Amino acid sequence: MMHTELYYQFSLILSAILMVVAAMSDAVRFRIPNLVCLAILLTFPLFVYTAPVTVPWVEHIITFAIILVLGYQLFARGFAGAGDIKLLAVIGLWAGPNYWPHFLFITAATGGILSLGIGGLTILRHKLSKKAGKVDFAKTPIPYGVAIAVGGLCTLALLSHPDLLASKV
């Protein structure tokens, strides 16, 4: 029984580390390695097998598939990068039917803050360079994998401590 708890904790810690690696890679190189997404995906069965409660894994897979299909539509229309969509889907696998709204909300809020911050820095750099003309925000890359990873880390926190959402009246 003790080993099961260790494997459970290991699956959560490893997934958290992998999410941080994805965020750092996207922040530095604007790329999320496929191997990182694959490793997060492959860590999920260990989590399911060792979780202290029954995990409705089929529903988690359905959540993954829905996010992947909808995300592909965003990618096909040029609204998101392929790496962002893969990371979003594999973390959606972890979030499953219970936590996907929390995951997407935190990701969107963090992405908005990140976009505002990068936009502000872009304006500041433009003003300091004393270039004429308008700032072209369309050419300013946003490492959205950072926001996705923050949403994922919050999801892992909720999975390991579901009482975080409990109402304390």
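The protein chain has five helices and zero strands, where helices are DSSP runs of H or I with at least four residues, strands are E runs of at least two, and both are numbered from the N terminus. Read along the sequence, that gives the pattern α-α-α-α-α. This is a predicted model, so to speak for local features a residue needs pLDDT of at least 70, side-chain atom pairs count only at pLDDT 80 or more, and totals for chains, interfaces and linings use all residues. Residues are numbered from 1 along each chain as its sequence is written, and side-chain values use heavy atoms, with hydrogens and water left out.

**Overall picture**

- The C-alpha atoms fill a box of roughly 65 × 40 × 25 Å, taken along the principal axes.
- Of the 169 residues in the protein chain, 35% are buried; buried means under 20% relative accessible area, exposed means over 50%, and partly exposed is in between, using a 1.4 Å probe and protein chains only.
- Take the contacts (heavy atoms within 4.5 Å) with a separation of 6 or more: 71% of them join residues 24 or more positions apart.

**The nonpolar core**

- The largest nonpolar core holds 31 residues; a core here is a set of buried Ala, Val, Leu, Ile, Met, Phe, Trp, Tyr and Cys residues joined through side-chain atoms within 4.5 Å.
- The residues with the most contacts inside this core are I40, F44, F47, L87, I91 and W94.
- Two or more core residues come from each of α1 (2–29), α2 (34–50), α4 (82–129) and α5 (144–160), and α4 gives the most, with 10 residues.

- I40 sits in helix α2 and is buried, because its relative accessible area is 0%.
- Setting aside neighbours up to four places away in sequence, I40 touches L18, M19, L87, V90 and W94.
- I40 and S15 are 25 residues apart in sequence, yet their C-alpha atoms are 5.6 Å apart in space.

**How α3 meets α4**

- Two packed helices are described by the angle between their axes and the distance between the axes.
- Helix α3 (residues 57–76) packs on α4 at an angle of about 145 degrees, with the axes 7 Å apart; axes are lines fitted to C-alpha atoms, for helices over the stretch in contact, and angles run from 0 to 180 degrees between N-to-C directions.
- On the α3 side the contact includes F64, I67, L68 and F75, and on the α4 side it includes I85, L93, W94 and W100.
- The residues of this contact divide into 17 nonpolar, five polar and one charged; Ala, Val, Leu, Ile, Met, Phe, Trp, Tyr, Cys and Pro count as nonpolar, Asp, Glu, Lys and Arg as charged, and the others, Gly among them, as polar.

- T107 is found in helix α4 and counts as buried because its relative accessibility is 3%.
- Not counting residues up to four places away in sequence, T107 touches L88, Y144, A147, I148 and G151.
- Buried residues in α5 include A147, I148 and G151.
- The 17 residues of α5 should span 24 Å, the expected span being 1.5 Å times one less than the number of residues; the end C-alpha atoms are 25 Å apart, which agrees.

**A loop residue to look at**

- F30 lies in the loop between α1 and α2 and has a positive phi of about 55 degrees although it is not a glycine.
- F30 counts as partly exposed, because its relative accessibility is 40%.
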